[in-house]
Amino acid sequence: MRHVRAVLWDLDGTILDTEKLWCDAVGDFVVERGGTMTATDRGRLVGATVPEVLHTMLALSGLTPSPPALRDADAWLDRRLASRYADPVPWRPGARAALRTVRAAGLRSALVTNTSRALADIALGAIGTQYFDASVTGDDVAHGKPAPDSYRRGAELLGVPPDECVAIEDSPTGAAAASAAGCGVLVVPCDVPVTAIKYGQVRGSLDHLSISDLQRVPTPATCPFGAPARIRRRHDRTTF
């Protein structure tokens, strides 16, 4: 058990089941321009930064990533996703109850996402701003996930050291960012399988998440550097 004062929540694929919206929107863009997108291409989009998504859109469409083309693709994606995010978006299993559990326990919370501020604010309206004390989007940091900037910024806004935070993520990209920031990481896979992470836990869903579950999530500081992963299965969790 360790002292946990805050939870840093990823958005797409963690709280809301919106990763598919991104992949479908990119696929529509590509097909409209005569390109094709494979399942492998879709997998690469999960956890990607907005600039990475835009470059992928243009590359798959056979277009040169010039500044005007990138701006046009960005505007197209914002328009398409804004309308999709405005519709009722399905929650990930257990996410709503987990947010309530964390809030009821008096822990601090921040939303930490690679998604743009405009889309994140729409999502926050759907989720409920009462669950969060702060938010960090892809527009707020120089380098998005897998760089640690956004998680460091989230912890800073909450006034909590990273090693007293647990980040909840769905992708290896997000898990790498949170670990690099010094946070404990709880990974609940969505569209991309995750069977192992260097520091943290992999859990089947957020159903029945408890504060004691969060307290069991290790941080990089609590794991010996370079030590081999030790796996302990407990219900639907795998601990490293």
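1. Threonine 113 is buried, at a relative accessible area of 2% (buried means under 20% relative accessible area, with a 1.4 Å probe and protein chains only). The loop that holds threonine 113 runs between β2 and α6 (helices are DSSP runs of H or I with at least four residues, strands runs of E with at least two, numbered from the N terminus). Leaving aside residues up to four places away in sequence, threonine 113 touches Asp10, Leu11, Asp12, Ala120, Val136, Thr137, Gly138 and Lys145 (contact means heavy atoms within 4.5 Å).

2. On provenance, this is a predicted model, in which local features need pLDDT of at least 70 and side-chain atom pairs count only at pLDDT 80 or more, while totals for chains, interfaces and linings use all residues. Residues are numbered from 1 along each chain as its sequence is written, and side-chain values use heavy atoms, without hydrogens and water.

3. In helix α6 (residues 117-127), the buried residues are Leu119, Ala120, Ala123, Leu124 and Ile127. They lie on the same side of α6, because they cover an arc of only 140° around the axis (taken from the directions from the helix axis to the C-beta atoms). Their cover includes α1 (19-32), α4 (67-86), α5 (95-104), β2 (108-112) and β3 (134-136). Glycine 128 follows α6 and has a positive phi, near 120°.

4. Helix α3 (residues 50-60) packs against α4 at an angle of about 105°, with the axes 10 Å apart (axes are lines fitted to C-alpha atoms over the stretch in contact, and angles run from 0 to 180 degrees between N-to-C directions). α3 is therefore roughly perpendicular to α4 (65 to 115 degrees).

Definitions and conventions: Buried < 20%, exposed > 50% of the residue type's maximum accessible area, 1.4 Å probe, protein only. Parallel < 35°, antiparallel > 145°, perpendicular 65-115°, else oblique.
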